[in-house]
Amino acid sequence: LSGLDPAQPYFQGTPIEVRLDKSDADFVDIIHTDSAPTIPNLGFGMTPAIGHIDFYPNGGVQMPGCGKNPVSQIVDLDGIWEGTRDFVACNHLRSYKYYSDSIIYPDGFLGYPCASYNLFESGSCFPCPEEGCPNMGHYADKFKGKMTGEFLKLYLNTGEARDFPLWRYKVSVTLSGKSKIKGYVNVALYGSDGNTKQYQITKGTLKPDNTYTAYIDVEVNVGKVTKVKFLWNNNWINPTLPKLGASTITVESGQN
């Protein structure tokens, strides 16, 4: 039984006879997308974990793409009716949109077991544990039987618009060169199943022999990594023509 952002007003904090909970089915998975307090934030969805596994995409409170200005949201590609609905309850309605995308992407929407969204963002809960990570949405029930505790809170990030799934990678870059400079480093991944756009690994002071690490959520599961593109820029013309390279780049997939 999948709960798509179960309602908060009149249900949160009530006895289990009144609301959805894990005793309602053999396996209950929940997607929380609008769990801010109803007063004053107008959150429509429940905050507490109430299923066997509870997914909190993007932290479960504010969904990417829901902060657009009202006019662009109402005059939407999906038409004025859907645009108006999305403006009024954009975060709440993301739950069914993620679910419908999850049917098309059986390997997408990996939820990482973690104590909080902040810890997930910092990379503390990366990669997936030995038993793997469940997939949010249609294929969540594949995780049935792999549960070790009473309940499981899971975190992940999504895109701003369809297609919503993102795949998480850890990228570490060790720089080579003769002198430190200011600038930024970008990396793009190429693989057997697709390529990504460029993602920023670090910006600021770049020191040769230092290693810089970032967790990136990319728009495609690249499969087996075949190539990595490394780019750096210092944003201004430097007459000394500094040179900077990468001595090593390590790419780790969260899935395995």
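The largest nonpolar core holds 19 residues, with Y169, V171, L175, I201 and I216 making the most contacts inside it. Here a nonpolar core is a set of buried Ala, Val, Leu, Ile, Met, Phe, Trp, Tyr and Cys residues joined through side-chain atoms within 4.5 Å; buried means under 20% relative accessible area, exposed over 50%, and partly exposed in between (1.4 Å probe, protein chains only). At least two residues of this core come from each of β6 (167-177), β7 (181-191), β9 (199-206) and β10 (211-218), and β6 gives the largest share, 5 residues. Strands (E, at least two residues) and helices (H or I, at least four) are DSSP runs numbered from the N terminus. Apart from this core lies another one, of 16 residues, including F55, C90, Y98 and L152.

All of this comes from a predicted model, where local features need pLDDT of at least 70 and side-chain atom pairs count only at pLDDT 80 or more, while totals for chains, interfaces and linings use all residues. Residues are numbered from 1 along each chain as its sequence is written, and side-chain values use heavy atoms, leaving out hydrogens and water.

Now for the aromatic rings. Rings of Phe, Tyr and Trp (its six-membered ring) pair if their centres lie within 6.5 Å; planes under 30 degrees apart count as stacked, over 60 as edge-to-face and the rest as tilted. With F126, Y112 forms a stacked pair, the centres being 6.1 Å apart and the planes at 20 degrees.
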